[in-house]
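Open the model in your viewer and keep the selection tool at hand. The stops below go from the whole chain to single side chains.

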Amino acid sequence: MRRQQPHPIQLPPVKPPLTIEEWEAKAPLSEAELGSIRDIKSACEARRLPAKFADVVESISRPSTPVNRNLASPTSETPSSRPQHPLHPVHPIATPQDFHDWFALIDKSISHSQEAHFRAHLDTLSGYLNNCDTLLDQVNEVDEDVSRMMQDWTGVEEGGQSLQGACERMLEERDRLIQLTDEIEERLEYFQELEYATRMLNHPGDGLVLQDDFLFMVERVDVCIEYLESHREFKESQLYLMRYQHCLTRAMTLIKIHCVNSLKALASEIYKRLTSQEVSSATQTLLLYPKFQSAAKALRPIITELETRAAKRPDDLSALLNECHAAYFSSRKQLITSRLIEEIQRIIRGSEVQGIGKAAGPTIDLVGLTRAGCSHLKQLCSDEFNLYRHFFDSGEDKLYRFLEGLCDYLYDDLRPRILHEPKLAVLCEVCTVIQALMVLDLSGDYDEFDASNQRDEDYLVPEDTFSSPLSPSLRDLKSAHSDPGLRSDMVRSARARKHQQLKHLHIGNLLEMVLQDAQTRLVFKAQAVIQSEIRYYVAKEGDLDYPQKLVEFRKNGSEGVPNLLSPSDNPLSRMTSLSRQSTWYPTVKKTHWVLSQLHDYVKPAIFEDIAYEAISLCRESLVSASDLISAKSKAATASQPTSPDGQLFLVRHFLVLKEMATTVGLDEQKERGVDFSGMADTLGSIIFNPNALLGQGFTNLRFPKVVENITDARLELDAALKRICEETIAGCVHTATEPIQTFLSSSVDPTGASISKVHSEFVEKCKKGIPEWTEKLRLYLDDDERTVSVLLPPMHDKIVEVYETFRIRASTTKDGSSLDQTLLSRNALDDLLQSL
């Protein structure tokens, strides 16, 4: 009998079960429930087996003793009582047939006995088979029992899973309700904070604004306002928002009142001590600055709160902060104005110098007054700036207006002196002093405000204290208020974010007004010098003494020539021709001096305009001087009416002006003007044809337009230099080729003798005039071979061209063939001119 295989049971898919720890955490049991579980556990451990398995277990537990049925009785039997053997013949064998029957029985018995072990083994196997069938029946019964148990377990599992799912849903619902409760509670805190803030503000007291609870209350109110502004959909949010804003305004008003009263009381106390008796300078400084700094330790935290709120809500709170600024500046002005005026008067008295002459009275050293006065103002403004940073982080524009008001006490005296200063050098020194102070401003010798000396409780955590990009919540602020360690961390984080605005005093902004006055006066004075000493300069007798002045300079060298500017001070001091400035025409000297003075003290655009004007007017004055020199040369040398001194004078000085323009980097200039050329036709069209303003006629009208004329001083100088060089070369060529030009212009038929005579005169003039002209050219150009080599080849080429024309004319005469040996070839003439 074969064993039947049980059918596999398909279990439904289940969710991953909860762990014991998660189950215990989500569904904790009470003590009574735990006791019941222990009783059920004990009862399950003592459960008895089913009754149908009791007999089997009992038979297994008490086995019976086997009996050997083949064993003989322990009692001895007598031979007479011993049973007879079955093979023993019952009757004696009498016949062969009996023997044969008995033998057959014996044979049969032997055969039966030989098969006995097979039959015994068969019986054993039959017994085993019966036992197996019995065991198989029992296994099938057990399998059926297990299947029923599995079905029961599946039902229990499904019920347990349903119970677990229900429990988990209950836990989720509980968590959702708890979260909902927490969210409602958290949102209600933003509404409940109003009662606490109102209660505190209704009982202000004298030192309320200095209490930590007040500062944290302000921060919480600010957080509530931000929250309600971002959640205007909440019920009654507008009403609570209005009340919170009212509370914040009341709190900031209390801060303003306390700050204004404290500053006024402090200023009044210090003013009484300064005016009651004679106070030394050290004591005055101690009262004006360290005394105020000590008061800033108590006022700085609440002023910071006001500044923070005013920056976020300028429409509502900026007026309160402005009143604090006004009270501070009023207090400081009351204390330092009289001291500043006395110091300025002392500086003015110290700057007086005795005038030249018996009748001259004392005069003011403008440079010394500017240096001492501006240095004092710089130190005063630095002290005031550092003191202001102990109180405020905002109001930089108001601070600079206050400092400008202090500087006006010196500027009111200094400005008229600058505007009436006649000396250009003094104005340049004034600009130097002011610019030096402005350059020192870049190094920044100002005290950095050290917030580490302030106590932790002197600061309120600002809105950006938390590392999160979002604003802190109300619970975070309450936790910080109750936890000193967390609060200290928040305060340290707050210090790192403060003092971001007022880092450095820009003293240049305060000195800019005086510098502009000095630069304006410097520009006007420079223009006056340019007009009077360059444009309208009247040449003296010694100014036109050329080339004798150059000859004396070549003999004496450059000894005794002063160099007024250090090469490192100004690029104009590094000009290559500066060593020969004693030979310059006075207007060129004055132009170089004016530009040297203005280069570092006026803006580049203004300097370029002045430089362009000065160089242009200087060029005009040089042209006038050249005409005078040429006229003087003609009067002195009647035999040589075309003296090159005037032209070479221009070449020399034009080269100096070109170097000067290149050194200062003079670029092209744009001159704007209005073109009215078409206005007459336009007015006539409008008057005689009113319909011209309508339709297409309006577009045909010609209105004034702005035009730009671009000029370049260097290009103009190059053009003028090129023109004067061509005139100089043309004059030299005319002098050398005068006989040839006379011959060419004559209408008389030339002869061989006349041609030879013209040739001889030409060679003689070349040998005499060209070396003199070349030597004079080197004299005017200071032996600059590079420039000389540029001017000589064009002159040689023009002479050769004129001579070639003469040679062609001579060859056409009847004696032309006989003159080939007399006249010079082109190469021979080139060699002759090069040798000269």
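Predicted model: local features only at pLDDT ≥ 70, side-chain atom pairs only at ≥ 80, totals over all residues.

**A tour from the whole chain to its side chains**

Residues are numbered from 1 along each chain as its sequence is written, and side-chain values use heavy atoms, with hydrogens and water left out.

Colour by secondary structure next. The protein has 27 helices and four strands; these are DSSP runs numbered from the N terminus, helices being H or I with at least four residues and strands E with at least two. Of the 836 residues, 35% are buried. Buried means under 20% relative accessible area, exposed over 50%, and partly exposed in between, with a 1.4 Å probe and protein chains only.

**Stop 1: the core**

Select Phe214 and Phe391, which have the most contacts inside the largest nonpolar core, a set of 176 residues. Such a core consists of buried Ala, Val, Leu, Ile, Met, Phe, Trp, Tyr and Cys residues joined through side-chain atoms within 4.5 Å. Now show helix α7 (residues 237-276), which gives the most to this core, with 15 residues. Beyond its neighbours within four places in sequence, Phe214 touches residues including Met200, Val209 and Leu254.

**Stop 2: a buried arginine**

Select Arg389 in helix α11 (residues 366-391). Is Arg389 buried or exposed? Arg389 counts as buried because its relative accessibility is 4%. Ala296 is 93 residues away from Arg389 in sequence, yet their C-alpha atoms are 9.5 Å apart.

**Stop 3: salt bridges**

The whole structure holds 28 salt bridges, each a side-chain nitrogen of Lys or Arg within 4 Å of a carboxyl oxygen of Asp or Glu. Select Asp222 and Lys312, whose closest N and O atoms are 2.6 Å apart in a salt bridge. Asp222 lies in helix α6 (residues 212-230) and Lys312 in helix α9 (residues 290-312), 90 residues apart. Asp222 is buried at 2% relative accessible area, whereas Lys312 is partly exposed at 27%.

Finish with Lys776 and Asp645, another salt bridge, with 3.2 Å between the closest N and O atoms. Lys776 is in helix α25 (residues 752-780) and Asp645 in helix α20 (residues 645-663), so this pair ties together parts 131 residues apart in sequence.

Definitions and conventions
Contact = heavy atoms within 4.5 Å.
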